[in-house]
Amino acid sequence: MSNLKAWNDLAAHAEEMRDADMRDLFAQDPERFTDFSLSMGPVFLDYSKNPVTRETMDRLFRLAREAGVPERMEAMFSGERINVTEGRSVLHVALRDFSGRSVYVDGEDVLPDVRAVYERMRDFCDRVRSGERRGHTGKPVTDVVNIGIGGSDLGPRMATRALEHLDPRGPRAHFVANVDPMDLERTLRQLDPERTLFIVSSKSFTTQETMANARAARQWLLERLGDESAVAAHFVAVSTNTKRVREFGIDTENMFRFWDWVGGRFSLWSSIGLSIALAVGTDNFEELLRGAHLVDEHFRTAPLEKNIPAIMGLLGVWQVNFRGAECQAILPYSQALEWLPSYLQQAEMESNGKRATLEGGLVGCHTSPVIWGAAGTNGQHAFFQLLHQGTRRIPCDFIGFARSSDFLPEQHTLLLANFFAQTEALLQGRSLQEARQELLEQGEDEAEADRLAPHKVHPGNRPSSSILLRELSPYCLGALIALYEHKIFTQGAIWNINSFDQWGVELGKQLAKRVLPELEGDRTEGSHDPSTLGLIEVWRAMGESDDK
């Protein structure tokens with residue numbers, strides 16, 4: 001990146017800003033909150049508690065333009081093959097396009113095919129939810145198990161858990177991802193096979209973990225229902241591999257396809273979202289798409305200076321590359337969004353955890369931060385100690401909803417009080433003098449106040465952004481997810497990396513296929529490092545030992 005003038009200008013500016021204190025920035029600028037916040041539809045972003053000035057933002061906008069972010073964005077929306085290592089377009093935005101425009105891949109408008117798949121999904125989901133489509137023995141479906149991993153699991157799991165309170169009439173949704181048999185066993189033990197529908201979500205229908213779980217679920221079903229034809233009544237597939245789906249025993253009429261221009265971690269908007277639509281209804285699923293489309297249009301048309309996801313991405317670049325941040329905390333103040341940090345871990349770290357540029361050289365800067373977090377207020381009693389008094393400054397995204405459900409609205413007010421208080425505490429902190437004075441007011445003598453005060457100091461000046469949405473609706477959730485998708489895109493464009501492949505996932509999977517036959521046999525014949533060879537032998541000895 002050092003070949004970009006804007007990058008070098010930012011590096012010089014960062015040195016000037018190294019000791020900047022955000023408390024001083026607020027004191028010097030009474031309009032700071034107004035100038036460093038934006039709203040769009042049901043979304044409000046406050047980024048005034050970040051260590052930036054107007055000059056910082058101007059330089060970041062220049063960097064985005066010099067790095068070609070607007071051009072890269074237009075290339076994505078127009079269907080160009082921006083996934084250069086796999087030769088694919090990147091068009092998850094087409095899955096929620098309600099503009100009436102055509103979207104072309106290789107000269108063909110893909111939207112009619114997208115709409116046809118959605119119509120099949122709507123028909124299928126409506127028949128399952130109404131009880132018209134039943135299981136092998138004629139009983140209605142009460143439980144749906146999504147078997148997938150990665151993007152075929154985290155997106156649907158996160159969205160379903162966020163929205164399942166909206167429509168209790170739908171079947172209960174369960175998610176199995178881990179090849180650890182305990183994951184599947186814990187799910188199956190609570191289910192009635194006559195009332196359970198399985199969704200096997202795998203584009204290739206060869207994903208090792210997914211297919212192992214799918215075969216085990218198939219065996220479980222057959223042992224209890226005793227008829228091979230039950231598979232067709234209780235299994236559906238989200239895949240593109242018709243041959244393997246048919247061989248598994250699934251009626252290909254119950255196979256829902258998607259496209260190679262939909263990356264796994266961006267696929268919840270496709271038929272991978274079948275479990276969402278079954279759980280919350282197809283109307284709510286469509287609202288999820290419409291909320292994302294609102295942000296797509298904003299990202300595509302708003303100038304950078306007013307573009308919320310672009311600004312989120314630029315703030316991330318500023319923190320990672322010029323302020324030394326190594327991680328970022330995602331803090332949704334909503335128990336319904338407890339899976340959002342895990343979902344965004346994959347979305348960001350699999351997208352931007354790269355070291356090669358688009359041209360194949362080494363990136364000359366850090367790329368994705370480590371993403372982690374938890375739902376508030378639980379996180380306050382787990383790791384906020386580190387956020388407030390640890391030795392690292394960790395940028396935080398706080399996410400909340402203005403409106404509550406009808407259940408215990410006063411507790412929603414308490415939740416938001418904690419949200420706002422935490423962002424204020426990270427900013428303001430508590431000085432040594434303030435800590436000492438508080439101890440004296442609590443009745444401590446001066447010697448004890450002097451001893452304890454250093455332990456109660458909060459340095460403050462710690463960065464956070466706040467995202468407020470109107471309510472936890474499908475529309476607002478769709479908008480929130482799309483904000484982060486386009487934030488990730490912006491950062492990848494600036495770092496000049498391909499945010500849409502995931503070769504780093506492949507090596508371990510390939511080696512596991514090589515190790516597995518050795519574990520299933522009685523000899524270790526592969527060429528491994530001494531540590532791996534030792535572990536295999538210890539495992540074999542432990543398995544054969546009768547010792548307690």
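In which loop is Thr 377 found? Thr 377 belongs to the loop between strand E11 (370-373) and helix H16 (384-389). Helices (H or I, at least four residues) and strands (E, at least two) are DSSP runs numbered from the N terminus.

The model is predicted, so local features need pLDDT of at least 70 and side-chain atom pairs count only at pLDDT 80 or more, while totals for chains, interfaces and linings use all residues. Residues are numbered from 1 along each chain as its sequence is written, and side-chain values use heavy atoms, with hydrogens and water left out.

**Backbone features in loops**

Gly 376 and Thr 377 are joined by a cis peptide bond, with omega of about 10 degrees. Another loop, between strand E7 (196-201) and helix H9 (208-225), holds Phe 205. Phe 205 is not a glycine, yet its phi is positive, at about 60 degrees.

**Cavities and pockets**

Rolling a probe the size of a water molecule over the atoms shows where empty space is left. On a 1 Å grid over the protein atoms alone, a cavity is a set of points where a 1.4 Å probe fits but cannot get out; a pocket is an open set with protein on both sides within 12 Å along at least five of seven lines; lining residues have an atom within 4 Å of a point. Grid points are joined across faces, edges and corners, and a volume is the space filled by probe spheres set on the points.

Two cavities of 30 Å³ or more are found in a search of the whole structure. Residue classes are assigned as follows: Ala, Val, Leu, Ile, Met, Phe, Trp, Tyr, Cys and Pro are nonpolar, Asp, Glu, Lys and Arg are charged, and the others, Gly among them, are polar.

| Space | Volume | Lining by class |
|---|---|---|
| Largest cavity | about 170 Å³ | nine nonpolar, seven polar, two charged residues |
| Second largest cavity | about 30 Å³ | two nonpolar, one polar, five charged residues |
| Largest pocket | about 930 Å³ | ten nonpolar, 18 polar, eleven charged residues |
| Second largest pocket | about 600 Å³ | seven nonpolar, ten polar, two charged residues |

The largest cavity has a volume of about 170 Å³. Of its 18 lining residues, Met 312, Leu 315, Gly 316, Gln 328 and Asp 397 are the closest to its centre. Helix H14 (308-322) gives the most to this lining, with its range stated among the elements that each supply at least two residues. The second largest cavity takes four lining residues from helix H13 (residues 282-301), which gives the most.

The largest pocket holds about 930 Å³ of space. Among its 39 lining residues, Thr 207, Gly 264, Gln 502, Glu 506 and Lys 509 are the closest to the centre. H9, helix H15 (340-352) and helix H21 (506-520) give two or more residues to the lining, and H21 gives the most, with four. In the second largest pocket, Ser 334, Gln 335, Ser 405, His 412 and Leu 415 lie nearest the centre.

**The crossing of H1 and H14**

H14 also meets helix H1 (residues 5-16): their axes come within 11 Å and cross at roughly 70 degrees. Axes are lines fitted to C-alpha atoms, for helices over the stretch in contact, and angles run from 0 to 180 degrees between N-to-C directions. Angles under 35 degrees count as roughly parallel, over 145 as roughly antiparallel, 65 to 115 as roughly perpendicular and the rest as oblique; H1 and H14 are therefore roughly perpendicular to each other.
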